[in-house]
Every structure is written in structure tokens, then in C-alpha cells.
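Here is a short briefing on one structural model. Please keep the sequence and the coordinates open while reading.

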Amino acid sequence: MTLSEAGTLTPPGDAPASADAPAYLHGVVAQFETVDDILAAAAKCRDHGFTDWDCHTPFPVHGLDKAMGVRNTVLPWLVFCGGLTGFLTGIGLQYFTNVMEYPFVISGKPMASWPIYVPVVFELTVLFSALTTFFGMWGMNGLPQLHHPLFFSERFKRASDDKFFVSVMADDPKFDAAQTTTFLESIGATHVDRLEE
Amino acid sequence: MNAHAASMERPVLKDKTRLGDVGPKIAHAALILGLIALGGSIAWGVTLEGGKPLWKSYLINFAFFTSLTLGGLFFVIIQHVTHAGWSVVVRRVAEAVACNAWLMALLGAGFVLGGGMGSLYEWWHLHPGHGNHLYDIKAPYLNHTFFYIRFVAYFAIWIVLSQYFFRTSVKQDESGDPNLTLAMERRSPLAVILFALSLTFFAVDMLMSLEYAWFSTMFGVYYFAGTAGAFFAVAILTLSFLQGRGLLTESVTKEHYHDLGKLVFAFVVFWCYIAYSQYMLIWYANIPEETFWYQNRLGDGWKGLSLFLLLGHFFGPFLFLMSRWQKRRHGTLLAAAIWMLFMHWIDMFWLVKPGADMPALQSSVFDLTLFIGMGGLWVWALFRRLQDVSLVPERDPRLGESLRFENY
């Protein structure tokens, strides 16, 4: 029980305002019981033509990406470009400082000596590649994300324990609350939860 | 749960695992070709210019085929040290490759006793106490007696190790006793130490001491880096050949090739790392008694070859094999394997050929004929070894894991 400023008592469990607003549907999440079930269901969802959907399993399920029809990521190409940028930065930085900006003879070597560039070039290639991998992966996955509609489902908590889930989001052009629910049940879902706010 | 239950069952091999009549055909052709090329080269070359061109080419090819053999031994030992499962279907080929150590021992004995040492190694003619300080301090190591002892020791180690791993593995084909795997795994760490020491000093004795005044602590690792990379190329080629003949079509999959491709790629990088580390320190310190070795490799024509080595042994294959798809597509992987073997041979050529006596790049017909000669014998010995055994360790306890292996 809380005492409002006006001094009236609000009964517990009576959520303010939102009770009258229509619930917003983010999508549905379907529970599956076994690895084989989720693999079969993923293939059927893929063939059904969903685009904004995902699978959630408590452990890595081999072959799931193939069943889902996940396309190859472009991340390696970004990393390659990142590495190349590091490579050129390493060369450019040393050439600029050693040859152009502050020429200084060190142990009788020529100003532009490639053997001594290698360690810095190597390190910058690795550094730029690693940073591109790290931030590219976060960015492409839309991370960091502090909340997700999936957490509206109590049952979904078992995705980190012993159950397998397929979620289809409302943004998917093929999404229709009733039809999608029926479809998911028809391919072996034991429960389908609405992700409602 | 399912995977666990499956691993308890004895895996069934669905493909042909015996060479059958494919083996003798290859072995005979290779043997005849090898003997003609080797015999002809020696008969013709032993009197030519005091035998020097012959023995240089002989040493290049001896170092090349020894390194392929040692690469096989390295692979077998490492799989046992790491208790690897993925590689079981590849291991028998590696075991047989390693067993060619006896052939390399014979070819090596031919070199040492046939006059190769006196022809190529300046220190072979030196005696301590004549005011040559650089030699005097190295004389306790670089003398005939100790060299013979070491030479015998290297090959004794390699023959004993390769025979042990091959025979124990073949014994398991019949008995299926998992204790044999445990025994090999228990002994493999000692084998690693013996292998590393013998390979390092072999490289020092046979290749580095061509210029006795020169020294590099990286040299053994440099030879090893090329060795391991070349073996993975050999494994890819051998398995492709066998599969082309309808053998091992089910057990060896794209996944195994992919992993071998990754290892080739890894050793492309490792080789460059070692080559650079060796070069950079000597370049930076700029001491004449070290730099002359590289100076010999920057002369007329040699500079181009050195650059070719850098591009062809590192940059080219590095970019070519970087992508996952290049390693998983059979054609590209095969092309990379052939290329890396060629580059490894160029690397051996680059180590042996240059010197004060050869200021300009020069190749000899023996480079090729001895390659064919030793290569023929090497292939013959390999197929002879594989003839009467299964091409996969049929009852290795990790065979199931290897058959199911997938890269994710």
C-alpha cells in the first residue's frame, strides 16, 4: 500500500493508467521441447518466409544456422578493411614521422627502412582488425540493448535452462498474431506466448 | 545425450580403406622413375666440376624431402599430445609419411659418405689451431666425429619414433585396445622434446653450417616452420589423390580439408614471422659476420628470388587462404597446397644454393632430376607402407569423433 500525495489510498495490484491503454503486441514466442523439434521448426519457419524472427536455445545447437537459413555475415569484409586501414596507417605514420616531418639518421639506416616498419604495421593491423571485429559485431547485433520484448514472457526464462524457443516479431511482414500462433503450434510448439507490454 | 550415446557405439566405416591394386601401380612407376633419375644424376654429376653442382642439388632435395617426412612425424606427435579427435582419419597418412625416415636416412648416408660433406662444407676441411678463431671456438661442435654421431642420432630418433607410432596404431586396428592410444599419448611429450631438438640441430648441421662462420638462433625454427607447413600441403594432396581413386570418400570430408587448410594458413604466417625475426635482428645490428649471409642472397638475381620468397611464401598465400571459402573449396585448397610445396622447395633452394661461390642466381639440371629421383623413391616408400594397412586407424577410440567432425 502506498500513500499518495493527495492522501488517498491506492489498492495494491492496481496498475495506474496503463490498465486502460490497449496492450502493445511486440510479437510471439513459441516453446519447443527438444533439439530435434527446434531444428525442424526452424527449417519450417525459414521456408514459411519469416524475416524478423530468431531461435533461442540454452546451448549451441549445431546445424541451427543452416536450418534457419542464416546468411553469411559481411563482418569478415569489414575486418579485412579494418586491417588494411591499420596496415596503411602503420606505414603512413612511420613514413610521415621518419621521412617527412622529422628526418633523423638512426644507426646509419636509410630514412625509409621497411624492415623497421614491420612491427608497428603488424600491431596496427591486428589492433584495427580486432577493434573492427569487436565493435562491428556489437553494432551489427544492435548491442548494447538493455531490454528486449522477449523478457515479457515468463516462460522464456527457460531459454537459459532447458527449453528451446522461436520468436517472431510483429514487424515481420508475414506476422499476424492469430495466424502465426496457429502456424507455430502446427509445427510442434507446446506453448505460444504473446509478447505484450 | 544423443551425441554421447552415438560415441559409445563402434563407428562403421562406409568407404574403401584399402589401397588394393591402386598401390602397386603407383609404387612401381615411382620406384622406376626415381631410380633412373637418381642413378642417372649421380652417375653423371659425381665427376662434374668435382661433384659440387650435384651435391648442392642433392642437399636441396634431401632437405626438402626430409622436411616433408619430419612434418608427418610432427603431425602425429602433436595429435597425441593434444589428444586430438578431429584428425584421426588423417593420421594414418601422416604416420606413413613419417615412416619414410628410413629412406631419408639412406639418402642422407649417401650424401655424407659419398663426398657431399667435403664438397659443400668448408669446415669439413678445417682443423683447429691454425689461427682461425671463428672455427676454433666452433671446433668442439663442428668436427667429423661429433658430426657422424649426431647424424646417426637424428635418424635413429626419427626412425624409432615413426616406427613406434605407426606400428602401435596399426596394432590397434586389430585389437581395438584403447590402452594403446593412452600409451602413445603418454610417450608423446617426450617425443616432442626429442623431435624439436633433433630437427633444430639437423637444420644447423646440414643447412646452417654450409657457412660455418654464420650463426642464427632462429635457424632451427625457420626450418621447422617450413617443414610443418609443407606437410599439411602433402596431406591435402595425398588425401585428394586417394579420394580421386575412390578411397576414403566418406571418412575424409570437407571439414578435415578445411582444418588442414587452416594449418597451412597458420604456418604461412608463422614462417614469415620467423623469417622476419631472423632477418630484422641481423639487419638492425648490421655486424659483418652476420650480414654476409643475407648479402649472398641479395646479389645478382638472388635479390629477385628473395623477394619472390617473401611474396610467394607469405603475402600471396596469406591473402589467398584468408577466406574460409577458399579453404573449403577443394580446387582452391588444392592449388594452394601445390603452391606451398613449390615455395617450400624454393625456400630450400634459397637456403642451400647461394654462397661466395655463386654470386649470381644459377640453377642446375640436377635440381630437377634429383627432385624426381628422391620424389619417386619417397612416393614409392609411402605407398609401400600404406599397401598392407588400412588408410584410417579403424579402431581408434576417437574415430567416431573424427567422422562426425564439423567446423562451426
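**A buried glutamate, salt bridges and an interface**

Glu95(B) is buried, at a relative accessible area of 1% (buried means under 20%, exposed over 50%, partly exposed in between; 1.4 Å probe, protein chains only). The model is predicted: local features need pLDDT of at least 70, side-chain atom pairs count only at pLDDT 80 or more, and totals for chains, interfaces and linings use all residues. Residues are numbered from 1 along each chain as its sequence is written, chains are lettered from A and ligands numbered from 1 in the order written, and side-chain values use heavy atoms, without hydrogens and water.

**Around Glu95(B)**

- Glu95(B) sits in helix α4 (residues 88-98) of chain B (helices are DSSP runs of H or I, at least four residues; strands are runs of E, at least two; both are numbered from the N terminus).
- Its side chain makes a polar contact with the side chain of Ser169(B), at 3.1 Å (a pair of N or O atoms within 3.5 Å; within protein, one must be able to donate a hydrogen and the other to accept it, and residues adjacent in sequence count only if both atoms are side-chain atoms).
- Beyond neighbours within four places in sequence, Glu95(B) contacts Val76(B), Phe165(B), Phe166(B) and Ser169(B) (contact means heavy atoms within 4.5 Å).
- A network of salt bridges links Glu95(B) with Arg91(B), Arg92(B), Asp173(B) and Asp396(B) (a side-chain nitrogen of Lys or Arg within 4 Å of a carboxyl oxygen of Asp or Glu).

**Other salt bridges**

- The count over all chains is 17.
- Arg150(B) pairs with Asp205(B), with the closest N and O atoms 2.6 Å apart.
- Arg150(B) is in helix α8 (residues 144-175) and Asp205(B) in helix α9 (residues 178-206) of chain B, so the pair ties together parts 55 residues apart in sequence.
- Arg150(B) is buried at 6% relative accessible area, and Asp205(B) is buried at 1%.
- In chain A, Lys157(A) and Glu154(A) form a salt bridge at 3.3 Å, N to O.
- Lys157(A) is exposed at 54%, and Glu154(A) is exposed at 57%.

**Interface of chains A and B**

- Chain B and chain A bury about 1100 Å² between them, 74% of it on carbon and sulfur atoms (accessible area, 1.4 Å probe, that two parts lose on being put together, summed over both).
- Tyr276(B), Trp283(B) and Tyr408(B) lose the most area on the chain B side, together 50% of what that side buries.
- 11 residues of chain B contact 12 residues of chain A.
- Zero salt bridges are counted between the two chains.
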